[in-house]
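Me: Hi! I've got a structure open and would like to go through it with you. Can we start with the charged pairs?

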Amino acid sequence: MGMHQYLESLDELELINRAPGYFKFEQHSVAAHSFKVTEIAQFLGDVEENAGEKVDWRGLYEKALNHDYTERFIGDIKTPVKYATPKLRSMLADVDDKLTENFVQNEIPDEFQDAYRRRLSEGKDDSLEGRILAVADKVDLLYESFGEIQKGNPEEVYPEMYKESLSTMLEYRDMHCVQYVLTKVIPDMLAENFTTQDKLRRLTRKVLKKEDNSKE
């Protein structure tokens, strides 16, 4: 048993497309998504560190880079299906955990098993690094959906993905990096010229207003 199987398996992540079952102008693989989320997490970590927070950079990179590796076992399940019921979400998580542990035990050499159990476990925890990962994941989804909307994709799923991504990010609005995205990044995004620009601006204002009203 050696690391060959693990290294070879990385190619599989390039073959798993995100948002399966929907028409899209640009395909995004799980491998590409993992790279982009890591880059985004790196930037968000910079924002937090500049604001005085202490970032565990090794932990952040490990969480971000590996956060979707286990989709190699069960694929990229559509979010509405994955979150249809708490019971289904729990069952999928249980299957994911069992397949991951089986992979670690059978494919990873003993001296590296603890490291890969840590890396392949659920990264979106309550730590600063876990919260940064959760935000980075949604920032990438925001940009994936924005790209399709910008290109004029008629599928209604993309405005919903955009809305869901922004709404989830707002759950972390106490973080410095989220405030940076809301005040500096998204305004630049919405300043781009595209056909449905006004529609997306209205949707953004609606999500932000709804969140503000819920806190009153």
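Me: How many salt bridges does the count come to?
Reply: The count comes to 15 salt bridges, taking a salt bridge as a side-chain nitrogen of Lys or Arg within 4 Å of a carboxyl oxygen of Asp or Glu. Bear in mind that this is a predicted model, where local features need pLDDT of at least 70, side-chain atom pairs count only at pLDDT 80 or more, and totals for chains, interfaces and linings use all residues. Residues are numbered from 1 along each chain as its sequence is written, and side-chain values use heavy atoms, with hydrogens and water left out.

Me: Which residue does Lys151 pair with?
Reply: Glu26, with the closest N and O atoms 3.6 Å apart. Lys151 sits in the loop between helix 8 (128-150) and helix 9, and Glu26 in the loop between helix 1 (4-15) and helix 2 (30-50), so the pair ties together parts that are 125 residues apart in sequence. Helices here are DSSP runs (H or I, at least four residues), numbered from the N terminus.

Me: OK, new topic. What lines the largest cavity?
Reply: Its lining is Arg18, Ala19, Lys24, Glu26, His28, Glu144, Glu148, Tyr158 and Met161. By class, that makes three nonpolar, one polar and five charged residues. Ala, Val, Leu, Ile, Met, Phe, Trp, Tyr, Cys and Pro count as nonpolar, Asp, Glu, Lys and Arg as charged, and the others, Gly among them, as polar.

Me: How much space lies in the largest cavity?
Reply: About 60 Å³, a volume being the space filled by probe spheres set on grid points joined across faces, edges and corners. On a 1 Å grid over the protein atoms alone, a cavity is a set of points where a 1.4 Å probe fits but cannot get out, and lining residues have an atom within 4 Å of a point.

Me: And helix 9 with helix 10, at what angle do they pack?
Reply: About 155°, with their axes 11 Å apart. The two helices are therefore roughly antiparallel to each other (angles over 145 degrees count as that, on a scale from 0 to 180 between N-to-C directions, with axes fitted to C-alpha atoms over the stretch in contact).

Me: Which residues make the contact?
Reply: From helix 9, Tyr162, Leu166, Met169 and Leu170; from helix 10, Val178, Val181, Leu182, Ile186, Met189 and Leu190. Contact means heavy atoms within 4.5 Å. By class there are 10 nonpolar, no polar and no charged residues.

How values were computed. Angles under 35 degrees count as roughly parallel, over 145 as roughly antiparallel, 65 to 115 as roughly perpendicular and the rest as oblique. On a 1 Å grid over the protein atoms alone, a cavity is a set of points where a 1.4 Å probe fits but cannot get out, and a pocket is an open set with protein on both sides within 12 Å along at least five of seven lines; lining residues have an atom within 4 Å of a point.
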